[in-house]
Amino acid sequence: MHSSLWLSALIVLPLLGALVAMAVRRTPDAAYRVAVGVGALEVVLTLVVAVLYKSNVAGAQGYDFLSRHVVSAPLGLAYDVALDGLSLLMVVLTALVLLLSLLGGRDKRREPAFVSWLLILTSLTMGSFVAHDVLEFFVFFELTLVPCYFIISGWGAKERTRAALKFFLYTFTASAFLLIGILYMGFAYQHQHPTAALTFAYGAMAATSMSHATAVWLFVAFAVAFGAKAPVWPLHTWSPLTYAEAPTAGSIELSALLAKLGSYGLLRFAVGLLPLAQVSVRPYVLTLAVIGILYGSVLACVAADLKRFVAYSSLAQMSFITLGIMSGSTIGVTGAVLLMFNHGIITIGFFLIIGFLERRRASIQIADFAGLQGPAPVMAGLFTVAMLASIGLPGLSGFVSEYLILIGTFTTHAWWSAVAALGVLASAVYLLWAYQRVFHGRALGANATVTDASAGERWVLAPVVVLIVLLGVFPQPVLNRITPSVHTLVTQVATASVIK
Amino acid sequence: MNTVTIPSIHYLTILPVLLYFGAALVLLITSALWRRTVPMLFSTSVTVLTSVAVLVTTYFQWRGLDHAGASTTVAHAVVLDGFSVVASAVIAVSVGLAALVAHDWAVRENVRGPEYQILAMAASAGALLMTQANDLIVIFLGLEILSLGLYVLVALDRRKTESAEASLKYFVLGGFASAIFIYGAALLYGATGSTNLSTISYFLGSNVVLRPGLLVAGGALLLIGFAFKVAAVPFHMWSPDVYEGAPTPVTGFMASIVKVGAFAALVRVLISGLGTQLDTWRPILWVLVVLTTVVGAALALPQRNAKRLLAYSSINHAGFILIGVWAGTARGSAALLFYLMTYAPTVVATFAVLTVMGGLGDERHSLESYRGLARRQPWLGAALAVLLLSQLGAPLTAGFYAKYSVLAAAVDAGGSLLALIALLSAAIAASFYLRWTVVLYAEPDDELDAVRVVVPRATAIVIGAGVVLTLLFGVWPGPLVTLAQHATVYFLP
């Protein structure tokens, strides 16, 4: 087993970076350079962790880097970190999102504060993904709202205040259910083990026995909190406004990363801790996911601006993830975990390109664009790669994950899978149509003079394209790392369904 | 031949009360003998030093508890236990901080004279008495001493009619509540044969009350009296007007000290005295909590005046603190104490910022006047933002653990639904705290209107202390939580 200091470093480093960035705020550009440096270091660190990670540490059930320190026994508060295949991908994604959104979404208004908030957000997201204690996860999860709120309300577009408030209230309200659910589980455990101190450790929570009805209630409470974050239809209504109003870096953080907190939480805490209930509510959540896929696809067709377009297509993609998570098969869950990462990467690509277009034309309305292919062929090409990956073209990353999800779901719930497959078709429709409207046709007026992607912009998008292709043709090393953890999780669910 | 037997008195037990009373008297007499007005510096120093002395006394009381455990004195009417000691310490800290704010306010407003400090110390003596009372009569005494001081304090700004109006309103309604309280005490005496909480508890534990009408009526009236003092819905009507009309430092004093005193006494009456009747009063409190949290948060939404908004926010907080009482367990009482420990300094510091922002005449309290504050004065703006986030219950501030611990106590006692409703009300409350925070960081509309406010040194210390405590215990709540838990272990049964 490796030292947990690696994980603690991942959390602490961005915080230190934020402090340094604020300390050097008087020097122009210094804060930005500090942030980019920290971002690069963070990416390197996560890659080291990814290489070091061993899925077969004895008695750790696929976890590595474990360590637990009780902070306050009466409160049941502990600092407890661990990493398994599920968290591993998310941790890498977190670092990548930070670096790429800094490089591609630079915002020079009050920059030191902006990069500090981004760094703080990264630290908290890292904390959420490596937390191995339910209460600790909640604290990190809840805290991510604060930097998000300030990023949106401080640097967003015209309606930023309303968007930020809506986002905050939505998640804050939904997470009330989560906190009460967590407390309920903790005290259920304590009442069963009167001699033990109050604890919210993941292992203890998993060992809590409860009646089936209670488990279903808890599952619903968890699903509300995570469903609002993911988002799952019908709890998605905050996302189009928020994505559209947030600054580029904020949109990337929200859709590529923080949405994954929702699906990660659903998988890790709802499915992982309440396998029995998962079996019972599965048909309902699967139905919601299928509705989300179709609903998101239809609205993506009619979205008027590019950010809302990505918001709705994300809803469809996130619903695919929910479908895989709830499928109850190893293949489906593996696909979902992979899609969480792939969708993150693809969305970074989309929002970066939208941000670049916004810089040039000061607009994100689809109607304002036409024929950009002529003046900006490289940009069009890069958009095409992200688009094709999102559609699920074989050979690109989206294909592997969507394919696994559909197959996995088909083995357990064939009908849902069949309807969801329509979503793949629909994604081709809305993506290609959007591409046509923006890049095809004749470029007139301001569109004719749009400059192509600069060298800097190309370099920012290069890792995105590389990852899309790499994970499309050679996903095996990544799959090898997630499968053992997924298998442990799904076995629980399978055992539960046998018991039932 | 009638003889009056004087009960034995353990002076260390009532030393905090005596200190405040004594200091108030000394200051009163000095101000009468002094040729001119007593210098402000002198009267403020007396209050601050007395508060420090009380704090030191509570330390020795706490040390004594380790050896001797909880005890009573003055014919079992006054208690010395962990709960009272910690609550007294919280009061002492709040009085000291509030005195500093009031000092700067009085200098600015040119309200020279020791009145504030005398009245504040006398009122605090009443609050301390409430935390230590083990007898309904003593609670009533404490309540009246506290309230009488406050009635005058609220009217301290003689040049403003709102101040007098608020005082009158508070006085009339407060008198009414006191009458209800003492009537409840009388009925309870009728039902149980004693006003002493230990005796009441013993009586109820060893007898079956066949016709509990008198008992229930007495308990209900007591509860109404308390609900009025802590401004629980539907007995909250006075609080926005009084909070708004009173001079801002007085509002801060009220918001912290009254809550500590009243809640400490409420815990003692319900848990220590009427603990056997848990099943009767719990449903009533349940409704009270739901109303107080939800109505408090909802009515705060349309407010445009910072003081009124904080009045409703403090109603919401009162609802949360009541949850600790509702739980009826040691965990609940500890959580309540922890809530008070973190809430009192936060709210004093928040009103310190409001006092500063109020400007000459104490009148600029519209939320609009806060626009762009954090841009003009980053430290003051950030301090207010932290204090607001703590009241919102954001993690890494003490307010989060305060809310967390009462909710945990509720869930532990089987009140998951109650906890959920309260937490959803916190989500409503979050929207107005956040709106205010955003205003702080917004672009100022009109540069001409945006004046930099002067933060006097003493007030700056108070604001700084509030922020530091909020963040320190937000990151490291362990010691305070343990203290609250130990305090409840020493609770007099």
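Biologist: Leaving aside neighbours within four places in sequence, which residues is B:Asn196 in contact with?

Modeller: This is a predicted model, by the way. B:Asn196 sits in the loop between helix H6 (161–192) and helix H7 (197–206) of chain B. Its C-alpha lies 4.2 Å from that of B:Asp135, although 61 residues separate the two in sequence. Leaving aside neighbours within four places in sequence, the contacts of B:Asn196 are B:His76, B:Ala77, B:Asn134 and B:Asp135.

Biologist: Okay, and is B:Asn196 buried or exposed?

Modeller: Buried takes 20 or more other C-beta atoms within 10 Å. B:Asn196 has 22 such neighbours, so it counts as buried.

Biologist: How do H10(B) and H12(B) lie relative to each other?

Modeller: Helix H10 (residues 248–273) and helix H12 (residues 306–327) of chain B pack with their axes 11 Å apart, at an angle of about 15°. H10(B) passes H12(B) in a right-handed crossing. The contact includes B:Phe263 and B:Leu266 of H10(B) and B:Ile321 of H12(B), and its residues divide into 8 nonpolar, 3 polar and 2 charged. Angles under 35 degrees count as roughly parallel, so H10(B) and H12(B) are roughly parallel.

Biologist: Now the two chains: which element supplies the largest share of the side of chain A that touches chain B?

Modeller: In all, 24 residues of chain A are in contact with 26 residues of chain B. Strand E1 (64–72) and helices H5 (134–143), H6 (145–155) and H7 (160–192) of chain A each supply at least two residues of that side of chain A. By class, this side of chain A has 18 nonpolar, 5 polar and 1 charged residues. The largest share, 13 residues, comes from H7(A).

Notes:
Residues are numbered from 1 along each chain as its sequence is written. Chains are lettered from A and ligands numbered from 1 in the order in which they are written. This is a predicted model: local features need pLDDT of at least 70, side-chain atom pairs count only at pLDDT 80 or more; totals for chains, interfaces and linings use all residues. Two residues are in contact if their C-beta atoms, placed from the backbone, lie within 7 Å. Helices (H or I, at least four residues) and strands (E, at least two) are DSSP runs, numbered from the N terminus. Ala, Val, Leu, Ile, Met, Phe, Trp, Tyr, Cys and Pro count as nonpolar, Asp, Glu, Lys and Arg as charged, and the others, Gly among them, as polar. Axes are lines fitted to C-alpha atoms, for helices over the stretch in contact, and angles run from 0 to 180 degrees between N-to-C directions. Angles under 35 degrees count as roughly parallel, over 145 as roughly antiparallel, 65 to 115 as roughly perpendicular and the rest as oblique. A crossing is left-handed if the near helix is turned anticlockwise from the far one by less than a right angle, and right-handed if clockwise. A residue is buried if 20 or more other C-beta atoms lie within 10 Å of its own, exposed if 12 or fewer, and partly exposed in between; C-beta atoms are placed from the backbone.
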